Amino acid sequence: MTGNLNTFAGSTKNPTGAVMVIGGGISGMQSALDLANAGIKVYLVESSPAIGGKMAQLDKTFPTNDCSMCIVSPKLVEVGRHKNIELFTHSEVKSLSGDAGSFKATIVRHARYVDVAACTGCGLCELVCPVTKISYFPEVPAEKEKKSRAKAKEKRLIKGPGLPHPTSSHKWTFSVDEQACSMCGSCHRACLHGAISWEKKQKAVIDQDKCTGCGACFAACPEKFLAIKVDGAPDLDKSIGAAVHARSEILGREFGRSKSGDSEQKDCIRCGLCAITCEKVMHIGALKMVEQGIEAGVDICQVCGACVSVCPVSFLTIDQVTSRTPRPLLNFFNEGLNGRKPINIHYPQAVPRVPVIDAASCVQLNTGACGTCATICGVGAIHYDHRETETEIDIGSVIFSPGIEVFDARMRGEFGYGLYKNVVTSIEFERLLSASGPTSGTVARPGDGQHPKKIAWIQCVGSRDHSCDRDYCSSVCCMYATKEAFIAREHDSSIKPTIFYIDMRSFGKNFDEYVKRAKEHQVRFVRAMVSRVFEDPLTGDLELRYVDESGKRQTEAFDMVVLSVGIQVAKQTKELAATLDIELDRYGFAVTDCYQPLATSRPGIFVSGAVKGPKDIPETVCEASAAAEAASASLAEARGSLISKEVLPPERTPGPDDELRIGVFICHCGTNIASVVDVAAVTEYARTLPGVVYAEHPLYTCSQDSQERMREIIEEHRLNRVVTSACSPTTHEPLFQSTLQQAGLNKYFFDMANIRDQCSWVHANDPILATEKAKRLTRMAVANATAGEPLDELEFTVDSRLLVVGGGVAGMTAAIEAARQGFGVYLIEQEPVLGGQLLHLQRSADGRKFADFLLSLNEKIAADDRIKVFTSSQVVEQSGFVGSFETEIVMPSGATRTLKHGAILVATGAEEYRPEIHGLGTLDSVMTQTDFETALENGTAADWHHARVAMLQCAGSRDDEHLPYCSRICCNHAIKNGLRFKKMFPEARVDVLYRDMRCYGLGELDYREARQAGVNFIRFDPEENPPAISTGETGIDITVTDPSIRLQVRLQPDLLVLSTGMKPRDTEELASMLRVPRNDGGFFIEAHAKLRPVDLPSEGLFMAGTAHGPKSSSETIAQAQAAVARAATLLSKDSKKLSGIVSRVDPTNCAVCLTCVRACPYGVPFINDQHSAEINPALCQGCGICVAECPAKTIFMGRYDDRNIRAKIEAYCASEASHSPR
Amino acid sequence: MLPCTGRIDESLLLKAFENGADGVMVIGCLEGDCHYVSGNIRARARVERVYAILERIKIGPNRIRMYNLSAGEGSKFAAFANEFVDQIREIGPSPINLVRAGNQGVTEKEAT
């Protein structure tokens, strides 16, 4: 496997400056954004009707418990509105031809039946659609226009507990059209109230006084005459289906129908809507009203469910009207836990928020009847004649990121999934936890809706399992199960969660702390493999059988069981890979090279995300950026050739006497806010505030349609200030501000109140108080917006050079890749040679020598004159700002040099930890894994044929006295060395003493191979079963209890190899110079743990490699490429705008007292030749310290000015008396 | 919400009391960990000055307090907020409020 070696090669001639990204999950979205923001046109192809992927389905994310939808939705919107990303949803790639640099792809857009451009996403179509089941349509559609209707042979009388109680509420008026009446008398016979007089050869007459409005006559009048007219029916002008829906809604409300469709009224109210729907909408005519209820022609019923869905009371059920088995129409976004309509919007925050019609269940598309949705659509967006279309696109590269599916838990029959209703999969449980899920975030058992108290998670269902050909570890299940248990208890603190696991693989950054916190929150962890699950058929409770750690067989009852299903590659993905001609491994994961982790077997096609092997969200995001870099490096010369720039309308300049026109948007955030805060009341209140001319409360203010609407409202109502009361400004303010700009408003005419975190979340148990607080926060935001001023954003040129600090594999890769992208690079390394930690390591995971790899990297760096290397050099001073930094370095000669550049990439790396334990450093028989690897490589080990080797894992990691974190790589490293050793010397003995074998992902395969090769694994627990180790000149002696045989074993190895872990290089000075934070372990902290894994919190600063956290060389290379992609979004621009929130001195009152000069932590203010203090806006960091210190109060700062803060304080306390005090 | 506690000054803190706050919490980064290097140290000094002023003008010094927290310490923030609210409840409404509107109840202002 050599992979796609031309990633590092020169660029193709005249490449196409566009990339096709396949898959619209978080991976595809990140790739698309990084590419599009760096001047590459993107075609994003997604097979489902909306982008978002698996992440949109998740409730919360580990280890920060961030709401998944909340953090992903700004990305959804950004992708949706990006000018240079063309979305192909509900589409698939049919073929790909050509070569790297100039591919041609054919994309099939499946018929959506809804015009994406015209649709407003109002959702009315979904509401009126009466169909709720998959119908039994005639097998061969009738060719003739007029087919004869089937006559019912089998009839069934449907009765309620009592007789029908006819209602005339909101009744329609029926009359006979004398012209059309053929005097047949059908209507007379159908009328149950004697309201129709008819005699032979006489036209029928309806007595309106006796008529109850049931419409029996209307349904009975033969199709060829249609002599019964209807009047007084709302929405009848649209269609009969729309009219039925309208009356059903009104009656439903009148009879107290709940959201779930239940009503107190169990008897038929003879509204006639079911029969009218069946006859006039569905053209079936299977239902007829009779004296005691409804007569159903059960054999001709198509089982579409329309009659049941229009019934305003709890009378009709689907089983009564048909003799066939109703087939549910399941909502796949909710993992089939609830139903949906044939026309539906994928999920509430979907982008595009446009429904799609399911051709398999839509009545109109199958029989030509119904068609209600098209009649109700106000913009005429529904077209039943849509056909699939093909589009051909030209692209330079392809990114393959179709994502994964979950394991089919039915394959592990012993757990009863699919048989026992209260056994669910972990992804189903995510939907149960989700506020926008089928239970609105209530943890309820699918079997009976009861709230479970004891919930068990079973790990490794479809992972690490040879029996069902899923030998690999799915990497994410340990953490997501812990998270689900944690969050379940947050929803209901009486829940007692138990997680049954084999090894706790919490190997990522801050994961161990998270598990520890979960334990503190009473999540119980049991190390055991569950052998079977039995259901108690009466209660639905579940009994689990397992063998505990002491070897005893245990039986324990639970209310609910969650199967932590692994991830796998879908069949369609494998087929697609065949179409693209890329190589997959036996499990379907894309095959890549460990030095080029993003390149597939076909040049020009790159891969990212879990389809390359199981991984979590931050790793996926990192790979997505890396794939974007890999895909665009060879297209660098075509950058900008196919993109269009966003043109903003000119900003309206407000006059000084302009009337204040404030618009306020109070967000429901689904149920996140609205379930606690009375948003309608807050909206009403907002209307009473001075200057507010418009207020509304959208379901999701941030959704694409709401933003479009906000833009329209700003224009329509000539708003000059906008306030949203929603979630966190940190995540959503930029989105709202860009909408303001698109509406021609300065983006600082905006303020945001966080009524989610500060009201609905913290005061979830006190809705009244939460609502009052929301009003108050809104009032303050309105006051602040009122005090707002338009601010200018300074535009400055971006220096396209990149400074890379650290010349290990991360820094070297980053330098080479940045140069390929066309940027100049300064590479600073403190050691005399490049290579970093890789100089001390021997071989890659696939057995190639790192020395050869380093040689090739060095050659590339030497050959590229865009890269300037400074070895034995150090950064001593750093100044400037994003896009225009200046860094001073000291070179070996002692001379300093100032480098100018636009971005900084920190790749300072880590080194092997060498603690003085067990005689390491003093005894030759005790060494680290790196020493051992070197011994295997350089011949020291040549005569170790019968050597006995003991390896001690976590010798320094996961230990509060040493490294508190998990070093991630040690388990794989030990296995790699153990296997190699056993292969060299099959007679030798290897014992690995471990706490949890964390061979995540495909590393599990090596773990299995090592066990098969005879490497012995002994688990220990540092608290309950610590190994007794004595080392000295006389030898090594280890005593430990092996839990698998429950006996004490004594080892007297010749060698003790310590897996000591990884510790970051000393970066204290650098960190303070760059003003970037580090965690307790000394690793740099990323801007966002999930979605910005390689960005540092300060703008223009990025990081890669082990400076971020322990990781393998392959992961380091990917991260270096990712960091370059992120930097490219900045460096590829000619200019950049700075924040408008900077300090400004009004010279009129400046006394030149130098207070600001002394106070500024960045030394920005200076005294200019006009004898006044001056602040360079490009250097100002916007802290406001000088504003507070200035004795003359002559420094002002954007929206954090005294007048703004004063306005907020005054508004906080204003009209106190009119509001209820606590 | 402020970019940095270094932005707040004595006049604004007093403004909150003037407008009827019974207590004011100022919450900044951990000392030595200020996002803007030293803003929280300056804020602490200003809070101490306001403390002295409140004492002098008999509003009560314990109505103002500076806390230091990191962004990851949500539960600690909640504990601090509860602690401060309890403290203010015990002291009772600010004399300004008592004089101005009779016994109207207790409120507190949080500024971060």
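These notebook entries record what I looked up in a predicted model with a chain A and a chain B.

**Ground rules.** I noted that residues are numbered from 1 along each chain as its sequence is written, and that chains are lettered from A and ligands numbered from 1 in the order in which they are written. Since the model is predicted, I kept in mind that local features need pLDDT of at least 70, that side-chain atom pairs count only at pLDDT 80 or more, and that totals for chains, interfaces and linings use all residues.

**Entry 1, chain A as a whole.** I began with the elements and found 32 helices and 59 strands in chain A, where helices (H or I, at least four residues) and strands (E, at least two) are DSSP runs numbered from the N terminus. Along the principal axes, the C-alpha atoms of chain A fill a box of roughly 115 × 85 × 65 Å.

Buried residues make up 54% of the 1222 residues in chain A; a residue is buried if 20 or more other C-beta atoms lie within 10 Å of its own, exposed if 12 or fewer, and partly exposed in between, with C-beta atoms placed from the backbone. Of the contacts in chain A with a separation of 6 or more, 73% are between residues 24 or more positions apart. Two residues are in contact if their C-beta atoms, placed from the backbone, lie within 7 Å.

I followed strand β6 (residues 91-99) of chain A to strand β7 (residues 102-109) of chain A, and found the two antiparallel and joined by eight bridges; strands pair if DSSP finds at least two bridges between them. A:Val93 stands opposite A:Ile107 in β7(A). The hairpin of β6(A) and β7(A) has two residues between the strands, and A:Gly101 takes a positive phi near 100° there. I saw that β7(A) also pairs, in the antiparallel sense and over seven bridges, with strand β19 (residues 389-395) of chain A, where A:Thr106 stands opposite A:Glu392.

I found another open sheet of three strands, in the order β40-β41-β42 (chain A), with antiparallel pairing. Because β40 (874-881) and β42 (896-901) of chain A each have a single partner strand, one side of each is left without a neighbour in the sheet. The twist averages 20° from one strand to the next. Strand β41 (residues 884-890) of chain A pairs with β42(A) over six bridges, and A:Val890 stands opposite A:Thr896 in β42(A).

I looked up helix α17 (residues 617-633) of chain A and helix α29 (residues 1113-1131) of chain A, whose axes come within 7 Å and cross at roughly 70°. This makes α17(A) roughly perpendicular to α29(A), since angles under 35 degrees count as roughly parallel, over 145 as roughly antiparallel, 65 to 115 as roughly perpendicular and the rest as oblique. Among the residues in the contact are A:Cys622 and A:Ala626 of α17(A), and A:Ala1122 and A:Val1124 of α29(A).

Is A:Glu916 buried or exposed? A:Glu916 is found in the loop between β44 (910-912) and β45 (926-928) of chain A, and it counts as exposed because it has 8 C-beta neighbours inside 10 Å.

The contact takes 23 residues from chain B and 20 residues from chain A. On the side of chain B that touches chain A, the largest share, three residues, comes from α1(B).

Methods. Axes are lines fitted to C-alpha atoms, for helices over the stretch in contact, and angles run from 0 to 180 degrees between N-to-C directions.
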